[in-house]
Amino acid sequence: MIAWEYKICHEEGLHVRPISYIVSHLMKYDCRVQVESGGRKADGRDLMELLALGAGKGQMLKFSFEGREEKEAAEQLLRFLPEIGL
């Protein structure tokens with residue numbers, strides 16, 4: 001299992017556009033991804049669950065990866081998040 005945290009820098013917080021990019025990005029990998037924020041948990045491949053986290057600017061997102069391609073998914077997403085402006 002690989003886990004790390006990411007601080008949201010975007011003014012609008014975790015909103016639909018970056019969530020859709022995250023979900024489509026994670027679908028490429030054979031692993032389970034869980035995202036936590038503010039005591040809530042969501043499947044990293046489920047747009048509605050991620051949106052329900054309601055994470056705003058300055059909040060931390062904890063990503064946990066588990067499975068065959070966990071390393072690749074974790075590394076690529078960590079590089080990808082700043083690119084999408086989150």
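Predicted model: local features only at pLDDT ≥ 70, side-chain atom pairs only at ≥ 80, totals over all residues.
In general, the strands of a sheet are held in pairs by backbone hydrogen bonds, and the pairing may be parallel or antiparallel.

The pairing of strand E2 can be followed on both of its sides. Strand E2 comprises residues 32–37 and pairs with E3 in the antiparallel sense over 4 bridges. Within this pairing, Gln-34 has Asp-43 of E3 as its bridge partner, Val-35 stands opposite Ala-42, and Ser-37 stands opposite Arg-40. E2 and E3 form a hairpin, with 2 residues between the strands. In the turn of this hairpin, Gly-38 has a positive phi of about 55°. E2 is also joined to E4 by 5 bridges, and these two strands run antiparallel. Here Gln-34 stands opposite Ser-64 in E4.

Ser-64 is found in strand E4. Its relative accessible area is 9%, and Ser-64 is therefore buried, the limit for this class being under 20%. Apart from neighbours within four places in sequence, Ser-64 is in contact with Met-1, Ile-2, Ala-3, Arg-32, Val-33 and Gln-34. Glu-66 also lies in strand E4. Because its relative accessibility is 43%, Glu-66 counts as partly exposed, a class that lies between 20% and 50%. With neighbours within four places in sequence again left aside, the contacts of Glu-66 are with Met-1, Cys-31 and Arg-32. Glu-66 and Ala-3 are 63 residues apart in sequence, and their C-alpha atoms are 8.9 Å apart in space.

The helices were examined next. In helix H1, which covers residues 16–26, the buried residues are Pro-18, Ile-19, Ile-22, Val-23, His-25 and Leu-26. Viewed down the axis of H1, these buried residues fall within an arc of 165°, so they line one face of the helix. As a general rule, an α-helix has 3.6 residues a turn, so residues three or four places apart point the same way. The buried residues of H1 pack against E2, helix H2 (47–52), E4 and H3.

The packing of two helices is described by the angle between their axes and by the distance between the axes. For H1 and H3, the angle is about 155° and the axes are 11 Å apart. Angles over 145 degrees count as roughly antiparallel, and H1 and H3 are therefore roughly antiparallel to each other. The crossing of these two helices is right-handed. Where the helices meet, Tyr-21, Ile-22, His-25 and Leu-26 in H1 are in contact with Gln-76, Leu-77, Phe-80 and Leu-81 in H3. Ile-22, His-25 and Leu-26 are also among the buried residues of H1.

Lys-57 is placed in the loop between H2 and E4. With a relative accessible area of 47%, Lys-57 is partly exposed. Leaving aside neighbours within four places in sequence, Lys-57 is in contact with Ile-8, Cys-9, His-10, Glu-11 and Gly-13. Lys-57 and Ile-19 are 38 residues apart along the chain, and a separation of 14 Å is found between their C-alpha atoms. Ile-19 is one of the buried residues of H1.

Key: Residues numbered from 1 in each chain as written. Heavy atoms only, no water. Pairing = 2+ DSSP bridges. Buried < 20%, exposed > 50% of the residue type's maximum accessible area, 1.4 Å probe, protein only. Arc of directions from axis to C-beta. Contact = heavy atoms within 4.5 Å. Axes fitted to C-alpha atoms, helices over the stretch in contact; angles between N-to-C directions. Parallel < 35°, antiparallel > 145°, perpendicular 65-115°, else oblique. Left-handed = near helix turned anticlockwise from the far one by under 90°.
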